Amino acid sequence: AFAIIPGIAAVGVLGIVITAAFILWKIIQMVFLGPLNEKWANMKDMASFELVSMTPLAVFMVLIGLYPKPILDLINASAVAVLKLMG
């Protein structure tokens, strides 16, 4: 479609992306967030020890998301070894 009518195809793709984002946003809001349960209304935020334990995990997750090559190299080496064993 992009080769024939790129303008209309771009509008179609934009509409699909906006619709998918809206539907996912609404589903996440309904399923996970819903109305606030009053028994959790007075719950505190994360304690300092929780924040200290979660910060390295979050940093590692962002770094691997931005530069996944080390993990992918490890997976590739393992996959190649398994495939060689299989023939």
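Trp-25 sits at 48% relative accessibility, so it counts as partly exposed; here buried means under 20% relative accessible area, exposed over 50%, and partly exposed in between, with a 1.4 Å probe and protein chains only. Phe-22 has 47% and falls in the partly exposed class too. This is a predicted model, so local features need pLDDT of at least 70 and side-chain atom pairs count only at pLDDT 80 or more, while totals for chains, interfaces and linings use all residues. Residues are numbered from 1 along each chain as its sequence is written, and side-chain values use heavy atoms, with hydrogens and water left out.

How many aromatic pairs does the structure hold? There is 1 aromatic pair. Its rings belong to Phe-22 and Trp-25, with centres 6.1 Å apart and planes at 50 degrees, so the pair is tilted. For the cut-offs, rings of Phe, Tyr and Trp (its six-membered ring) pair if their centres lie within 6.5 Å; planes under 30 degrees apart are stacked, over 60 edge-to-face, and the rest tilted. Both residues lie in helix H1, 3 residues apart, or about one turn of the helix. An α-helix has 3.6 residues a turn, so residues three or four places apart point the same way.

## The helices

The protein chain has 3 helices and 0 strands, running α-α-α from the N terminus. Helices (H or I, at least four residues) and strands (E, at least two) are DSSP runs, numbered from the N terminus.

H1 has 28 residues, which should span 40 Å at 1.5 Å a residue, and its end C-alpha atoms are 39 Å apart, which agrees. That expected span is 1.5 Å times one less than the number of residues. Pro-6 is in H1 and is partly exposed at 45% relative accessible area. After H1 comes Gly-34, with a positive phi near 35 degrees. Helix H3 (residues 69-86) reaches 25 Å from first C-alpha to last, close to the expected 26 Å, and Gly-87 follows H3 with a positive phi near 105 degrees.

What does the C-alpha trace of the protein chain span along its principal axes? About 55 × 45 × 25 Å. Pro-6 and Leu-51 are 45 residues apart along the chain, and their C-alpha atoms are separated by 48 Å.

Of the 87 residues, 1% count as buried. The accessible surface comes to about 8200 Å², with 77% belonging to carbon and sulfur atoms; areas come from the Shrake-Rupley method with a 1.4 Å probe, and for residues only the protein chains shown count as cover.
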